Amino acid sequence: FEVSYLASVTIPQGVTRIGNRTFRNCTKLKEIVLPPSIVSIGEDAFAGSGLTSVVIPESVKTIGKQAFFCCNHLKEIVLPPGVVSIEKEVFLCSGLTSVVIPEGVKTIGKYAFNACRSLKKIVLSPGIETIGDGAFEGSGLTSVVIPDGVKSIGKYAFKNCRNLKEIVLPPGVSIGEGAFEGCPGKPEVVE
């Protein structure tokens, strides 16, 4: 369907996977309804599409890298608790304004929310262990509370978050090179 003129799509029950690049560059696509039979969303599945919001069914376990890359109009996404990893570059350069990372997610991949300039709020649920390199670099975050249990924050994870004034860290977290470089706030460890 790449570069089609579809504005709205309802995927029928029984479909289990959205394949790689299925709706890539479908700039007119504003709405997608995914059935509870979907278990995976492939790489680049909606990259560059015109989606404005997406509700991912609870049945989804995997979302491929760059699945929502450069979705400039995507303001809202609801992630299900069954997803265990936010893959590399999944939301890179998207228009998201806020995100709740559900319990069950263990890893936020490299550059997952990189350059999401409209992203002002992120809620990181307990269970996250790793925040990848550049994960939120250049985003619009104003504050971040890293939950207990996070073991590592990658290089440049929050670099150049120019509005990031409040940074709360748990004790013992490993912080990569330049993780908070260019942020006006300084990390504070809370016991």
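This briefing describes the fold, the strand pairing and selected residues of the structure above.

The structure is a predicted model, in which local features need pLDDT of at least 70, side-chain atom pairs count only at pLDDT 80 or more, and totals for chains, interfaces and linings use all residues. Residues are numbered from 1 along each chain as its sequence is written, and side-chain values use heavy atoms, with hydrogens and water left out. The chain contains 17 strands and zero helices; helices (H or I, at least four residues) and strands (E, at least two) are DSSP runs, numbered from the N terminus. The radius of gyration of the chain is 16 Å, close to the 16 Å that the globule rule gives for 191 residues, so the chain is as compact as a globular protein of that length. That radius is taken over C-alpha atoms, and the globule rule is 2.2 Å times the number of residues to the power 0.38.

**Overall dimensions and surface**

- Along the principal axes, the C-alpha atoms of the chain fill a box of roughly 50 × 25 × 20 Å.
- Of the 191 residues, 50% count as buried (buried means under 20% relative accessible area, exposed over 50%, and partly exposed in between, with a 1.4 Å probe and protein chains only).
- The accessible surface of the chain is about 8600 Å², and 52% of this surface belongs to carbon and sulfur atoms; the areas come from the Shrake-Rupley method with a 1.4 Å probe, and for residues only the protein chains shown count as cover.
- Among contacts in the chain with a separation of 6 or more, 14% are between residues 24 or more positions apart (contact means heavy atoms within 4.5 Å).
- The chain carries 20 positive and 18 negative side chains, and the centres of the two sets lie 6 Å apart. Lys and Arg count as positive and Asp and Glu as negative, while His and the chain ends are not counted; the place of a charge is NZ of Lys, CZ of Arg, CG of Asp or CD of Glu.

**Strand pairing**

- Strands of a sheet pair through backbone hydrogen bonds, either parallel or antiparallel. Two strands are taken to pair if DSSP finds at least two bridges between them.
- Five strands form an open sheet with parallel pairing, in the order S8-S10-S12-S14-S16. Its edge strands, S8 (85-86) and S16 (174-175), each pair on one side only.
- Within this order, S10 (residues 107-108) runs parallel to S12 and is joined to it by two bridges; Ile-108 has Ile-131 of S12 as its bridge partner.
- S13 (residues 143-145) pairs with S15 (residues 166-169) in the parallel sense over three bridges, and Val-144 stands opposite Ile-167 in S15.
- S15 is also joined by three bridges to S17 (residues 187-189), again in parallel. Here Ile-167 has Pro-187 of S17 as its bridge partner.
- S9 (residues 98-101) and S11 run parallel and are joined by four bridges, with Ser-98 bridged to Lys-121 in S11.
- S11 (residues 121-124) has a covered face formed by Ile-122 and Leu-124, and an uncovered one formed by Lys-121 and Val-123.

**Loop residues and their contacts**

The contacts listed below leave aside neighbours within four places in sequence.

- Ser-139 lies in the loop between S12 (130-131) and S13 and is buried, with a relative accessible area of 3%. Its contacts are Phe-113, Cys-116, Arg-117, Leu-119, Asn-160, Cys-161 and Arg-162.
- Arg-117, in the loop between S10 and S11, counts as exposed at 57% relative accessibility. Arg-117 is in contact with Gly-138, Ser-139 and Gly-140.
- Gly-109 is also placed in the loop between S10 and S11, but counts as buried at 10% relative accessibility. Gly-109 is in contact with Ile-86, Glu-87, Lys-88, Gly-132 and Ala-135.

**Backbone angles**

- Most residues other than glycine have a negative phi.
- Arg-21 has a positive phi, near 60°. Arg-21 lies in the loop between S2 (17-18) and S3 (31-33) and is partly exposed, with a relative accessible area of 38%.
- Tyr-156 has a positive phi of about 55° although it is not a glycine. Tyr-156 sits in the loop between S14 (152-153) and S15 and counts as partly exposed at 25% relative accessibility.
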